[in-house]
Amino acid sequence: MLTAQRTSPIEQITADHRRVSVDLGSRSYPIDIGPGVRRILPDIVARIGARRAVIVSARPQDAVPDPGVPVLRLAARDGEADKNLSNVEALCGRFAAFGLTRSDVVISCGGGTTTDVVGLAAALYHRGVAVVHLPTSLLAQVDASVGGKTAVNLPAGKNLLGAYWQPSAVLCDTDHLRTLPRREWINGYGEIARAHFIGTGDLRGLPVTEQITASVALKAAVVARDERDSSLRHILNYGHTLGHALERVTDFVLRHGEAVAIGTVFAGRLAGELGRIGDDRVREHLDVVRGYGLPTALPTEADAAELVAVMRLDKKSTNTGLTFVLDGADGPQLVGDIPEDLVMKTLGDMPRGPLA
């Protein structure tokens, strides 16, 4: 059974500043959440002992404070179009030209795709240099910046080339969220909605800092128990198998959180088809996702057979059937060997709507 059973402890630093620790022994690190927490960056750089830093940022210069050491600032762009190995290679070339060593630090600032690209570059350069993430989107703060998964896309699929490389710290400064457009808020809510079904409980209506903290505490506990995705960590992929496929077949017009939201509704329906949950729990998937203002219908343009073909590339799939993380009486579990015809039927029963 895959169940988090507990979340990581939450430390209250000030009235509006929370800290969650990812317990990985000598590689443990803090995640600070709240307004203005990016201002502790110089203290973190000093703790690392770095003599110089490279800041890779998709935000204006004032989004990242002076780290207190000589710095090279590089511009980045958020978005799946730049989430590729060529971009990683280009970054590493700039690191080398600057003279960055294994004793120094790389700092990312931006959304989830920037976190992924910069994290992978840090993992590969000199076989690993310290990295600190300053996620600036809700999606990146609740999920992408935490847990050490770094990856870029290949033409064959999403996140197929990557490494595990834990950051030295994560600073989730909620001040960065003030200027987010509504669709970016919706994008982040997709991950918060799916967290409802893997252990956070109902976060609807809570202040965003509490939603972020609860989501991060759950993920930190899971990562601490299964860093390399061998068992328990699979629960974090709730809604993601179909979600990733939807991103691919819509050429990423459908954003990650939107796709995961639809994938979460689908996971509830599929669990119902398999008799793992009752009708009320199936409806709860729809109600929770809809409650965050997220899409719940498959895009009209998405072909079911194409979606299944892409899901076949998912790392959890087997030779005899598809694999999903599904709800059940004992909580979320990894369920394998699900016949394709049942998956096709469940996709066919999903409502359809225009692409977001």
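A search of the whole structure, a predicted model, finds 5 aromatic pairs. One of them joins W185 and Y189: the ring centres lie 6.2 Å apart and the planes meet at 35°, so the pair is tilted.

**Aromatic and charged contacts**

- W185, Y189 and Y292 are linked into a cluster by ring pairs.
- W185 and Y189 both belong to helix α5 (residues 182–195). They are 4 residues apart there, so about one helical turn separates them.
- Is Y189 buried or exposed? Y189 has 18% relative accessibility, so it counts as buried, the cut-off being under 20%.
- R52 places its charged end over the ring of F98, 5.1 Å from the ring centre.

**The sheet as a whole**

- 8 strands make up an open sheet with mixed pairing. Their order is β1-β2-β3-β10-β7-β6-β4-β5.
- Which strands stand at the edges? They are β1 (10–14) and β5. Each has a single partner strand, so one side of each is left without a neighbour in the sheet.
- On average, neighbouring strands of this sheet are turned by 20° against each other, direction ignored.
- Strand β7 (residues 130–135) and strand β10 (residues 169–173) run parallel and are joined by 2 bridges. In this pairing, H133 stands opposite V170 of β10.

- Strands of a sheet pair through backbone hydrogen bonds, either parallel or antiparallel.
- β4 runs parallel to strand β5 (residues 71–75), with 5 bridges between them. The pairing with strand β6 (residues 105–110) is also in the parallel sense, over 5 bridges.
- What is the bridge partner of S57 in β5? It is A75. In β6, S57 stands opposite C109.

**Helices on the sheet**

- Helix α2 (residues 85–98) lies across β4, β5 and β6. Its direction is at about 160° to β5.
- Helix α3 (residues 112–124) packs on the sheet and touches β4, β6 and β7. The direction of α3 makes about 165° with that of β6.

Key:
Residues numbered from 1 in each chain as written. Predicted model: local features only at pLDDT ≥ 70, side-chain atom pairs only at ≥ 80, totals over all residues. Heavy atoms only, no water. Phe/Tyr/Trp six-rings, centres within 6.5 Å; stacked < 30°, edge-to-face > 60°. Buried < 20%, exposed > 50% of the residue type's maximum accessible area, 1.4 Å probe, protein only. Lys NZ or Arg CZ within 6 Å of the ring centre and 35° of its normal. Pairing = 2+ DSSP bridges. Axes fitted to C-alpha atoms, helices over the stretch in contact; angles between N-to-C directions. Contact = heavy atoms within 4.5 Å.
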